[in-house]
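Dear colleague,

Please find the structure below, followed by a short account of what was found in it.

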Amino acid sequence: MEYFINIGILFCIYAMLALSLNMVVGLSGLVSLAHAAFYGIGAYAVAILMTAQGFNFWGAMCVGMLLNGITAFIVGKILSKFKGDYYAIVSAGLSVIVFSVLLNFKSLTKGPLGIYGIGKPAIAGFHFYSSASFLALAFLFVVLFYALFVLIDKSSFGRALKSLREDEVLTVSLGYKTTKYKSLIFTLSAIMAGVAGSFFASYIAFIDPTSFQLAEGIFFFTMITVGGLSSAFGSVVGAALLLTLPEALRFLGLPYETAAQLQQLIYGALLVLMMAFRPQGLFGKFRV
Amino acid sequence: MKKLILILGCVLALAACDNKKEETQEKPVVKIGAILPLTGGGAVLGASLKAGTLAAIEDKEKKNLKYHYEAIFEDNQQQPAKSATAANKLIASDKVNVLLTFTTGSGRVIAPIAQNAGLLNLVATLEDENAEPMGQTTFWQGPTLQSYQRILINALKKRGVKKLALLAAHVGVACAGTEHLTKLLAKKGMDVQVECFNPSDRDFRLPIQKYVKEGYEYFYLQFFPPQTDIVVRQLYEQNILPQHIFGSGIDTGADISLFENINHVGGNSGTPEFIDRLMNEYHIDNVYMAASAYDLVSLAVDAFENAEDIKNIDEITAYIKEHATRKCLSGECKLFPNGFIANEAEWRTYINGKPIPLKE
Amino acid sequence: MTFNLKDFKSIDSGLSKERMDVFQEGLDAVSTLHLSKAFQGIKAVNDLSISFPLGLVTGLIGPNGSGKSTLINLLTGLLKPDAGSIVISGHAFSYIKPYKLRKFKMARTFQDARLVEQLSVEDNLLLGVAQNKIEKSLFELSTKAYRKKLEGVLIKTGLKEHRFKKAEELSYGLRKLLEIGRALMQDADIYIFDEPFTGLSPKMVDEVLSIIEILRLQAKTVILIEHNMGMIEKLSDYVIVLDHGTLLASGAPKDVLKDKLVKEAYLGV
């Protein structure tokens, strides 16, 4: 049971990430590879502030949200000068920069040694020490993020995003200041990714920079591409699928030497197959 | 008559069957869940630790034990975060009695999980002897950073090294420990230049050329795979001789032939017989920390064998605290209050693919 | 700059009273002053100073490459002028930021309908009118406020049965109607239609004709780019002819279409 609860917690964290990224990639057509950076900032905010400064989880998470908001706002402005593939490359640059900072700014982040002993959240004296309670809390946030996604999708704000993802020039001529829209959704998405990172740090209790490399951002991308672009349900399905796949392989009793390789092979094959036969993903509402 | 013999024969056969069942019922299984880097760059290290683990179990099982011991291996791809799911799976699904892993990062991730489950957690790692404890049920074994540094400083001083370029990776204690080391070396009159590299770096040629130009004829390396092999190859490309290369944990590389005649400090690899056995029976080239894994598993087995109730973690940890300081395969083992069982480090080289201890 | 009533010696007396009043005022809805735009050295629009009268249907004609599309793109902010200025409803600009079109109540269609392909017909129609202030748009979840107008436009354009289909699923003609519908939704004061009749079935042509007629009756300013001279004659109150980025002729349709220079320009192509 404990095992499934722990898988459940990881699912919640990945679902939060998938929902946040899908807002930017699926709803708005912005190919962001920067989200590993925001994930990392959220995680380290909680790790540093809780262990070194005695913050509680919520305070630390809020600081992380603020940091991500500011970073995303500034980076978003730079990114708005680029389109398509260039946007992806420049956004990947942020992931590389943040990873480098996490690795090298030893006085703050302890570099490769990582930060351990990260505590759990508490509300009115109740501490979320048990996995089951942590899962419930994490799930609450998934529901919140899901609702936010649906709200945006159904609103006029969402309609404008969906319009600018296909034809930004047309959207501008219909009266929308698209740079502001892109900036807002990117910032919001970054804050959400940071919240996922905060939960991750608290759950795993030890973090080091290796969990926040560019490769993670590519993994997040795979989740939403397979699950479905521009779809809240697709985001969640993608997270569930890509999380349970390696775990299922574990249970198949394959020799360990092949299991990890097979997992990578399957991810790669999934992406290729998806793009070839179903570019919108399983439950997607937008074809790239 | 025939019928009687037949019946007797069946009864005996049945009795024999019964005995067998009783035998297995008498010997419950103790499962060791080992979470190691089995794929990726660290696979060579994982293979070594796996061999050490299996060798320890094999040796123990030769004796008449209360329990039968079995190891179950999970891959964490050298990422601490993946150790958490692996640990949870081993606990919940495989119902392991003890966890074993490699590196401090992985150990710290598993420590609270093990503690919550009331399980023993063993970690093979190189670490600072003053490191924070990992958890109430966690013990870790390996050479201390301090012993590495002490051996290295003596060895370098004896060889009259004056100018040293220290190249290290931003992984674990590799780069983190260089600041202190530099100070100590400076006290011994050595001019040390330190450069740390990201784990993704693959080209060290320019830094090497730069140091050669500036007159640094000796290099000291602290890397993990796959960088270890790459740096050494690139040093050879620049015509740096093995005699001018030193390392710590140099034997974390995959291609042992590269490290012929390179003097380095490493954790005690165990006896020559042990090394031969691992290489011949378990078919591994690199015995990095296999002896530490062997010692940890042996100690755990002893703890379980001597416990009245193997599910009583307090009993198990008490035994370990009492018996960890002992003569072990990797030299003298000494338990520190923080849960660190320090084994010896040694100055050695590789000759014909085998680690050979040297006088410092 | 106002235009001269004298240009309309033979104006069609079918104008409504409303339009007659507007017409007699003689104001411009849109005008350009020494407007220029070049592409790789070739002047697509060359020092152009013209006016589109307020409340009338102006046909904008000229052979291929005469600068009509460039001019329209300059007026709607899709291109930046090299020189000159644009005046819309009395406001002068050297460059119009496209998102201001809504503010100036200007709506346009494209030669090949430019739609948001993966959005529904309804969503495409709503785009031009839905809340565009970012902080308010997030909370605009209901389209009730636009229901009435939406239903009206869906009927007018014959798209009612296709309302939930994605734009990419529509035929060429329906796509053009959808784009016109989008413009209608905006309840603009100035409409720019770029070859709205091309590729339409006779039934659809009638539908578009009636739409433009209604706009005329409402004294809306319509700029109509068309190659079909019959349509120009039928619909326009005023005609502007461009050639090589400059003004070739302007005036009442009957006069302009008989003009020797105009005929040469077209035949010469």
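Between chain C and chain A, 15 residue pairs are in polar contact, both residues being at pLDDT 80 or more; a polar contact is a pair of N or O atoms within 3.5 Å, where within protein one must be able to donate a hydrogen and the other to accept it, and residues adjacent in sequence count only if both atoms are side-chain atoms. On the side of chain C that touches chain A, the elements giving two or more residues are α3 (121-127) and α4 (134-137) of chain C, helices being DSSP runs of H or I with at least four residues, numbered from the N terminus. With three residues, α3(C) gives the most to that side.

This is a predicted model, in which local features need pLDDT of at least 70, side-chain atom pairs count only at pLDDT 80 or more, and totals for chains, interfaces and linings use all residues. Residues are numbered from 1 along each chain as its sequence is written, chains are lettered from A and ligands numbered from 1 in the order in which they are written, and side-chain values use heavy atoms, with hydrogens and water left out.

Three salt bridges are counted between chain C and chain A (a side-chain nitrogen of Lys or Arg within 4 Å of a carboxyl oxygen of Asp or Glu). One of them joins Arg114(C) to Asp167(A), with the closest N and O atoms 2.7 Å apart.

As for chain B, its C-alpha trace spans about 95 × 40 × 35 Å along its principal axes.

With kind regards
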